[in-house]
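Here's a quick briefing on a structure for you to look over. Have the sequence and the viewer open, and we'll start with one side chain and its surroundings.

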Amino acid sequence: MTEVRARPLPGIPDIRPGDDLAALLAAARDAAFSPGEVLVVAHKIVSKAEGALRRLDDVRVGPHARELAARLGKDARHVQVVLDESSEVLRAERGVLICRTRHGFVCANAGVDASNAPAEGVLVRLPGDPDASARALRAALPGRPAIVIGDSFGRAWRQGQCDVAIGIAGLAALEDWRGRRDAAGHELHATWIAVADQAAAAADLTRDKDARLPAVVVTGLERHVTPDDGPGAAALVRPAGDDLFR
């Protein structure tokens with residue numbers, strides 16, 4: 001039996017483009033990282049530090065964005081940014097755009113969001129390469145904890161949002177129980193545990209959305225922490241050919 005604990009790190013300031021995010025995390029109150037810990041970081045502060053922002057006033061709107069915006073009742077500039085971040089639009093109805101991002105994630109609005117943006121009229125995009133961002137943070141932090149970069153995604157079949165891992169370094173994204181046996185001796189055929197997503201979700205439970213606590217240390221997952229950075233969140237992306245709902 002494993003006891004998992006999560007503690008948010010207070011004292012992290014508002015992040016601006018060009019900030020040394022690793023230094024600010026290391027300087028946070030109660031920040032004392034060890035190699036077996038997992039540091040879960042909200043993607044917003046990673047995106048802000050990397051300058052993954054778009055000013056609506058700077059967006060040039062194309063005809064497809066105008067058509068979608070008129071149909072969905074959305075700001076055409078916002079829609080254009082979503083299209084710029086998408087490799088494919090899967091659904092556009094009921095005021096919602098469901099997109100596949102350039103990273104392969106399927107989510108609302110390609111992860112483009114105005115909440116917790118640094119100013120009015122600014123949108124926050126997902127990091128360009130969240131796994132690379134996670135690897136860079138891990139390499140720069142004392143104690144070299146595993147890193148999970150999290151974001152809130154909606155989920156098919158269920159109401160509400162849940163934080164998932166969009167960038168990972170040093171944590172096994174999945175634990176494969178297929179071929180093993182359960183407590184009754186039955187062979188498991190589909191059990192494939194999304195460890196990194198569950199770490200992101202557990203961390204999110206420790207903070208309110210308006211609490212300005214973008215980083216959480218999770219302990220108890222040492223058996224899933226790896227000395228190498230591993231394949232990252234790319235391991236969690238379901239190949240399009242295996243997607244039964246497309």
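Setting aside neighbours within four places in sequence, Lys44 is in contact (heavy atoms within 4.5 Å) with Asp113, Ser115, Asn116 and Val124. Keep in mind that this is a predicted model, where local features need pLDDT of at least 70, side-chain atom pairs count only at pLDDT 80 or more, and totals for chains, interfaces and linings use all residues. Residues are numbered from 1 along each chain as its sequence is written, and side-chain values use heavy atoms, with hydrogens and water left out.

**Lys44 and helix H2**
- Lys44 is found in helix H2; helices (H or I, at least four residues) and strands (E, at least two) are DSSP runs, numbered from the N terminus.
- With a relative accessible area of 11%, Lys44 is buried; the cut-offs are under 20% for buried, over 50% for exposed and partly exposed in between, using a 1.4 Å probe and protein chains only.
- The Lys44 side chain makes a polar contact with the side chain of Asp113 at 3.1 Å. A polar contact here is a pair of N or O atoms within 3.5 Å; within protein, one must be able to donate a hydrogen and the other to accept it, and residues adjacent in sequence count only if both atoms are side-chain atoms.
- The backbone oxygen of Ser115 sits 2.6 Å from a polar atom of the Lys44 side chain.
- H2 spans residues 43–50 and is mostly covered, with 7 of its 8 residues buried. Among them are His43, Ile45 and Val46.

- Leu25 touches quite a list beyond its neighbours within four places in sequence: its contacts include Leu9, Phe33, Leu39, Ile45 and Leu137.

**Salt bridges**
- The count comes to 19 salt bridges, taking a side-chain nitrogen of Lys or Arg within 4 Å of a carboxyl oxygen of Asp or Glu.
- Arg212 and Asp14 meet in one of these, at 3.0 Å from N to O. Arg212 lies in the loop between helix H6 (195–204) and S12, and Asp14 in the loop between strand S1 (5–8) and H1, so the pair ties together parts that are 198 residues apart in sequence. Both Arg212 and Asp14 are exposed.
- Asp229 and Arg144 form another, with the closest N and O atoms 3.5 Å apart. Asp229 is in the segment after S12 and Arg144 in the loop between H5 and S8, so this pair ties together parts that are 85 residues apart in sequence.
- Glu67 pairs with Arg71 at 3.1 Å between the closest N and O atoms. Because they are 4 residues apart in helix H3 (residues 63–72), about one helical turn separates Glu67 and Arg71.
- Arg55, Asp57, Asp58, Asp75 and Arg77 are linked in a salt-bridge network.

- S8 and S9 pair in the antiparallel sense over 9 bridges; strands count as paired if DSSP finds at least two bridges between them.
- Asp151 has Val164 in S9 as its bridge partner.
- The hairpin has 2 residues between its strands, and Trp157 in the turn has a positive phi of about 80°.
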